[in-house]
Amino acid sequence: MRNTAGTIIMAEAVHEEPARIGGGKLTDTEIENNKNNTMVEQSSTLLRRLEISVAEAEKRTGKNTVNMQETFTVYLIETRPIDAITDGHNPAPDSLWRRYSEFELLRNYLLVTYPFIVVPPLPEKRAEFVWHKLSADNLDPDFVERRRVGLENFLLRVASHSVLSNDKILYHFLTEEHEWKEVVYETGFQAKADSRIKALSATFRVKNPDKRFTEMRHYSDELQSITSQLLRVRARVADRLYGVYKVHGNYGRVFSEWSAIEKEMGDGLQSAGHHMDAYAASVDDILEEEEHYADQLKEYLFYAEALRAVCRKHELIQYELETASSDLVSKKHQREELATGMVRTFSFKGMTNKLFGQEAPEQREARLGLLEEQIVEGEETVKEKTSECQEYVKDAWVDIQRFKEQKDRDLREALVSYAVMQISMCKKGIQVWTNAKECFQKM
Amino acid sequence: MSGTIVDSAVFPNQTNTMAADISGQMLDLDEDDDLEVFSKQATRGSAFEFEEEEASDFKDIFVTVDNPESHITAIETFITYRVLTKTTRSEFDNSEYEVRRRYQDFLWLKGKLEEAHPTLIVHPLPEKFVVKGMVERFNGDFIETRKNALHRFLNRVADHPILSCSEDFKVFLTAQVWELASYKKQGPGLLSRMGETVRAVANSVRGVKNRPEEFTAMQLYVEAFSNKISSLDKVTQRIVKEQKEYLGELKEFGPIYTLWSGSEEELVGPLKGVAGCIERCCKETEEQVNQLSDTLVPTLHEYVLCSESLKAVLRRRDNIQAEFEAKNEALATKKVDQDALKEETDRLEDRVEWANSALKGDWGRWQRCMRGDLKSAFITTAQKNIDYYEKCQAVWETFLLSQRMDGSEDAEKDDSS
């Protein structure tokens with residue numbers, strides 16, 4: 001089964017959600033089916049029961065942890081039960097305000113609690129891959145708007161995930177404004193977080209990881225590198241395109257001035273000038289639309305990190321298993337040595353025995369007893385770790401498959417929408433230049 | 001073939017004759033009353049006002065400049081261009097001529113034309129040097145651009161009713177290299193030409209007193225036009241620069257999608273598709289930039305040079321008037337040599353009238369040419385931009401179509417599985 005924390009939360013969630021369709025506790029088979037059918041049905045997921053949106057953003061000022069004034073943005077989360085809506089009523093939504101940092105806290109909690117899930121990412125903390133016109137300021141309204149959309153997307157993804165959506169803390173986050181932070185901290189998730197160093201070292205020292213996970217980790221590195229490159233170049237392309245369009249605005253100005261001194265050409269020039277101004281202005285909308293494409297790429301840039309984390313966790317668990325196994329083996333060897341007096345391998349104890357003579361039989365008995373205990377413990381540990389590892393591999397692989405299909409779908413759609421944007425840009429260009437040509441012909 | 005022979009006493013360097021064809025094309029007589037008095041120039045003064053369409057119908061001389069070749073001698077390296085002439089005009093002995101000319105020869109021709117017709121608007125030549133440095137003189141693009149500009153120059157002269165009758169022009173088109181060299185040596189020597197220049201400078205210092213209103217208006221127009229056309233030239237060059245930089249970035253963009261497709265399975269199709277689209281758009285962008293550089297930039301640049309020519313023409317006209325005014329004053333103040341002075345003053349007055357009417361006539365013609373050239377250049381540019389966007393749109397639509405077809409194929413697969 002998944003880790004114990006998950007199971008408990010699962011059970012609690014069942015009890016606390018009265019409006020759940022189908023009611024009652026889910027069996028293991030059902031849980032399994034749900035995970036597999038996430039894409040097709042969402043009947044067990046939160047999103048089916050609750051309409052969720054991040055409706056607005058507002059600026060607030062307040063005192064921070066070091067008692068200094070700061071300005072920050074809060075986002076309005078609105079929820080409405082679906083059956084209330086489908087019943088024909090139109091109830092006002094429940095709502096509460098949350099800061100970006102609270103979303104971060106939620107996500108960190110999910111990462112630790114469900115390490116086998118590729119957890120959806122948050123929109124970026126700071127504006128990156130910015131091209132010159134775009135602001136890098138976190139308080140810039142365009143940035144805030146894009147972040148609002150990104151936060152909503154995050155909630156929708158989490159709430160439609162067959163495993164994550166049942167989390168009690170998530171439900172709390174969506175429905176109860178106050179003391180949510182305290183409740184999260186009480187779960188003690190922070191203590192369960194793996195240290196970075198531990199995880200990293202496991203990656204290098206693990207001997208027999210599941211090859212599929214190793215390959216996935218390599219893929220996640222490639223995905224991260226590629227999307228990052230793509231975003232960088234896209235920003236530069238956008239910058240240059242902006243330049244081309246805006247310079248045409250100068251045509252507008254000069255044509256207008258020139259038309260003042262011409263007789264026959266005056267009208268044609270003047271109206272052509274207006275079209276040049278329109279052309280220059282059109283790039284703003286074009287690039288604003290393209291930011292949406294960039295956001296889609298960014299989501300998968302960050303998803304790559306989440307995928308890598310799942311693979312790393314496998315390597316860590318596998319490494320812990322390997323360590324436990326080899327510890328057990330070495331303890332058994334020590335026991336054998338002690339029992340038979342045969343020195344299999346070099347040991348300090350063996351040396352001192354030779355130099356200073358064997359120890360007393362009572363001491364030997366004590367040590368042997370201790371070893372026996374340790375061996376029993378060790379065997380238990382190995383059994384647990386083996387089981388943990390197997391469960392993890394099974395659960396994680398399922399979610400990785402789900403992620404893969406989602407990624408293929410989403411990115412294909414993103415590429416298609418990029419093509420649609422390009423076509424729209426071309427159509428606008430054709431229109432403007434056709435109009436301009438007509439004006440030139442009247443010159 | 002009849003023609004009006006110009007009094008060579010008045011214009012010492014004039015050796016041209018009027019072609020008969022032109023006299024048949026005088027449609028819109030200039031309504032300027034002054035022209036009636038000077039009947040022997042009346043036909044000449046009004047000759048420029050015919051419509052452009054008529055001119056092309058009667059085009060009887062075709063000139064092309066092509067085939068640049070470099071020549072290396074002990075002293076220097078230079079480029080010559082082939083000048084091909086086809087004509088039915090009777091003052092030409094043959095109907096076809098092929099000669100080689102270098103830039104210096106074009107400069108000589110322009111100088112002679114301006115000398116003979118100080119107030120006619122002669123099309124500009126491409127610049128002597130590229131500002132950046134001499135080394136670039138023989139760069140391929142430079143030669144191509146120059147060749148095109150020289151071609152346009154000669155054609156403008158050939159299309160001009162007065163200038164195309166110039167004897168110097170005929171010699172330029174027909175003489176062999178050594179013939180041209182010896183022809184050039186004729187005419188007023190260096191000293192007499194220097195004298196002319198000194199007089200011109202002295203006159204320009206004196207300044208003109210009673211410039212007719214229409215020439216002041218012309219000057220104001222030329223100032224403003226020069227200003228605007230320079231701005232357009234700069235704007236267009238800036239657009240070319242920005243487009244090239246855009247193209248540079250776009251060229252890096254496509255390959256990343258191809259690289260990405262190497263890591264994917266399901267997404268290989270769409271990723272490669274997008275990479276392909278971007279690559280094709282790059283090609284279209286390159287073509288569009290080239291068109292701008294080949295058509296609009298040179299045209300605007302030529303009109304920048306034109307506006308300098310116009311300023312020079314107006315200055316020369318002013319100088320002619322200033323010279324007359326000076327002589328006129330002398331006539332009023334000096335008591336001796338009244339007869340000689342009177343004759344000189346009359347001659348100069350004639351010269352002013354002639355210069356004014358020449359300019360007025362050519363002005364309308366120049367404006368029509370300018371309008372035609374710039375209109376055509378902008379229309380071509382607009383059309384090229386339309387073509388560019390249409391081609392790019394088609395590229396992306398093909399990609400979309402392929403994705404939609406794949407999508408429906410996948411849907412079928414899902415149904416059947």
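In what order do the three strands of the open sheet in chain B stand, and is the pairing parallel or antiparallel? The order is β1-β2-β3, and the pairing is antiparallel. Please keep in mind that this is a predicted model.

**The sheet of chain B**

At the edges of this sheet are β1 (61–72) and β3 (96–102) of chain B, each of which pairs on one side only. Neighbouring strands are turned by 20° against each other on average, direction ignored. Strand β2 of chain B covers residues 77–87, and seven bridges join β2(B) to β3(B) in the antiparallel sense. Helix α5 (residues 103–116) of chain B lies across β1, β2 and β3 of that chain, and runs at about 105° to β3(B).

**The sheet of chain A**

Chain A also has an open sheet of three strands, in the order β1-β2-β3 and with antiparallel pairing. Why is one side of β1 (50–63) and of β3 (94–99) of chain A left without a neighbour in the sheet? Both strands stand at the edges with a single partner strand each, so one side of each has no neighbour there. In this sheet, neighbouring strands are turned by 25° against each other on average, direction ignored.

β1(A) and strand β2 (residues 69–81) of chain A run antiparallel and are joined by 13 bridges. Among the residues paired in this way, A57(A) has Y75(A) in β2(A) as its bridge partner, while S53(A) has E78(A) in β2(A). In a regular strand, side chains alternate between the two faces of the sheet.

Helix α6 (residues 141–159) of chain A touches β1 and β2 of chain A, and its direction makes about 135° with that of β1(A). Helix α7 (residues 168–175) of chain A touches β1, β2 and β3 of chain A, and its direction makes about 100° with that of β3(A).

Between β1(A) and β2(A) there are five residues, and the two strands form a hairpin. In its turn, N67(A) has a positive phi of about 65°.

**Where chain A meets chain B**

Now to the interface. The contact takes 54 residues from chain A and 55 residues from chain B. About 5,400 Å² is buried between the two chains, with carbon and sulfur atoms giving 73% of that area. R240(A), Y251(A) and R412(A) supply 13% of the area that chain A buries against chain B, more than any other three residues.

How many salt bridges does the rule find across this interface? Side chains of opposite charge can pair when their charged atoms come close. Two of the salt bridges between the chains are given here.

| Residue in chain A | Residue in chain B | Closest N and O atoms |
|---|---|---|
| R240(A) | E245(B) | 2.7 Å |
| R236(A) | E252(B) | 3.1 Å |

The pair of E252(B) and R236(A) crosses from helix α10 (residues 213–261) of chain B to helix α11 of chain A.

The rule also finds 17 residue pairs in polar contact across the interface, with both residues at pLDDT 80 or more. On the side of chain A that touches chain B, the elements that give two or more residues are α11 (211–259), α12 (266–340) and α14 (361–441) of chain A. α11(A) gives the largest share of that side, 24 residues. By kind, the residues of this side of chain A divide into 32 nonpolar, nine polar and 13 charged.

Key:
Residues are numbered from 1 along each chain as its sequence is written. Chains are lettered from A and ligands numbered from 1 in the order in which they are written. This is a predicted model: local features need pLDDT of at least 70, side-chain atom pairs count only at pLDDT 80 or more; totals for chains, interfaces and linings use all residues. Side-chain values use heavy atoms; hydrogens and water are left out. Two strands pair if DSSP finds at least two bridges between them. Helices (H or I, at least four residues) and strands (E, at least two) are DSSP runs, numbered from the N terminus. Axes are lines fitted to C-alpha atoms, for helices over the stretch in contact, and angles run from 0 to 180 degrees between N-to-C directions. Contact means heavy atoms within 4.5 Å. Buried area is the accessible area (1.4 Å probe) that two parts lose on being put together, summed over both. A salt bridge is a side-chain nitrogen of Lys or Arg within 4 Å of a carboxyl oxygen of Asp or Glu. A polar contact is a pair of N or O atoms within 3.5 Å; within protein, one must be able to donate a hydrogen and the other to accept it, and residues adjacent in sequence count only if both atoms are side-chain atoms. Ala, Val, Leu, Ile, Met, Phe, Trp, Tyr, Cys and Pro count as nonpolar, Asp, Glu, Lys and Arg as charged, and the others, Gly among them, as polar.
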